[in-house]
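Student: Could we go through this structure together, one question at a time?
Tutor: Gladly. Have a look at it, and then ask away.

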Amino acid sequence: MSTTADPLVALGELPGVAESVESVRKAVDRVYGHRVMRRRSTAVTSEAALRGARGSAALAGADWALEEVRRRSDFGADDEARVVGAALRLGAEAGQLLSVWRQSPLRVLARLHLVAAAEQGGTTGRPRQDGEPVDEPLVELPLPGAAEVSARLEGLSGLIVAGSAAPALVTAAVVHGELLALRPFTSRNGIVARAAARIVLIDSGLDPKSICPAEVGHAELGRAAYLAALEGYVSGTPEGVGAWIVHCGRAVELGARESTAVCEALQRGAA
């Protein structure tokens, strides 16, 4: 591994990561080059947000059909509906937080949790404290203590504020992986982690119009593969971390493929 002072750049040198970065770039460029994007990019962005929210909710245990998500208006009826509502709200919120992200990522994370939780309470919008329960049943990895959570969040924030020459995919995967590993809030950590990764991809310029929903790809690859890749990240080994980044890259590629299909449908007048 490189001796560079930028740890994110060093992660970009792990086996398979450079190839994944290049493959993602080509996939994203193909969508942006589609003729529909010249005149109907807003429609593609809106559809990508809907499909991304559906995918993120599915990973959190609310695996609804796309048309069910599209037609519903009541997202407070039961636990699954609240999960879908949280994912939809975060999809709409992410683009509004770009100006704050590079200066104060912890403020953005707090805002994301407030929006996702949709309630005011003593634990909402702040990192959890020791002894506070975490409602994240689908991620069963050991839960770090509050001191470790605080230290690692500060470290992550420092990396974002300092900036990095690492590819956007690497930064997004690290943000995503750290938040899932830490589960810093008492609820909705997975949805928040995926929204934060989305912000990185938009802010970096890789996907500025947010038309390549990685959440779709993660859902398509399956929850078991998602959690297995996360375990690799949490292990901290070069192989495990590299495999997580590659997994995240594949998810972005599948999200790009999804939006290519949306472009084709729009071109045919079918969506």
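Tutor: One definition before we start: helices are DSSP runs of H or I with at least four residues, numbered from the N terminus. Please keep in mind that this is a predicted model.

Student: Which element gives the most residues to the lining of the largest pocket?
Tutor: The largest pocket holds about 350 Å³ of space. Of its 22 lining residues, Ala60, Val83, Asp135, Pro137 and Arg188 are the closest to its centre. Two or more residues come from each of H5, helix H10 (189–203) and helix H12 (223–235). With 4 residues, the top contributor to the lining is H5.

Student: How many charged residues are in the lining of the largest pocket?
Tutor: Sorted by class, the lining has 11 nonpolar and 3 polar residues. The charged class there comes to 8.

Student: Is Val83 buried or exposed?
Tutor: Val83 sits in helix H5, residues 79–94. Beyond its neighbours up to four places away in sequence, Val83 touches Ala57, Ala60, Ala62, Arg188 and Ile191. Buried means under 20% relative accessible area. Val83 has a relative accessible area of 10%, so this residue is buried.

Student: And what is the relative accessible area of Thr171?
Tutor: Thr171 belongs to helix H9, residues 168–182. Leaving out residues within four places in sequence, Thr171 is in contact with Leu8, Ile160, Ala166 and Val200. Thr171 is classed as buried, and its relative accessible area is 11%.

Student: Where do Arg70 and Glu67 lie?
Tutor: Their side chains meet in a salt bridge at 3.2 Å, N to O. Arg70 is partly exposed at 37%, and Glu67 is partly exposed at 49%. The two are 3 residues apart, about one turn of the helix, and both lie in helix H4 (residues 66–71).

Student: How many residues apart in sequence are the parts that Asp203 and Arg102 tie together?
Tutor: The side chains of Asp203 and Arg102 form a salt bridge at 2.5 Å, N to O. Asp203 is in helix H10, whereas Arg102 is in the loop between helix H6 (98–101) and helix H7 (105–117), so the pair links parts whose separation in sequence is 101 residues.

Student: Are Asp207 and Arg198 buried or exposed?
Tutor: The side chains of Asp207 and Arg198 meet in a salt bridge, 2.8 Å from N to O. As for accessibility, Asp207 and Arg198 are both buried.

Student: Which residues do salt bridges with shared partners join into one network?
Tutor: The model has 17 salt bridges. Those that share partners build one network from Glu47, Arg51, Glu67, Arg70 and Glu258.

Technical notes:
Residues are numbered from 1 along each chain as its sequence is written. This is a predicted model: local features need pLDDT of at least 70, side-chain atom pairs count only at pLDDT 80 or more; totals for chains, interfaces and linings use all residues. Side-chain values use heavy atoms; hydrogens and water are left out. Buried means under 20% relative accessible area, exposed over 50%, partly exposed in between (1.4 Å probe, protein chains only). Contact means heavy atoms within 4.5 Å. On a 1 Å grid over the protein atoms alone, a cavity is a set of points where a 1.4 Å probe fits but cannot get out, and a pocket is an open set with protein on both sides within 12 Å along at least five of seven lines; lining residues have an atom within 4 Å of a point. Grid points are joined across faces, edges and corners, and a volume is the space filled by probe spheres set on the points. Ala, Val, Leu, Ile, Met, Phe, Trp, Tyr, Cys and Pro count as nonpolar, Asp, Glu, Lys and Arg as charged, and the others, Gly among them, as polar. A salt bridge is a side-chain nitrogen of Lys or Arg within 4 Å of a carboxyl oxygen of Asp or Glu.
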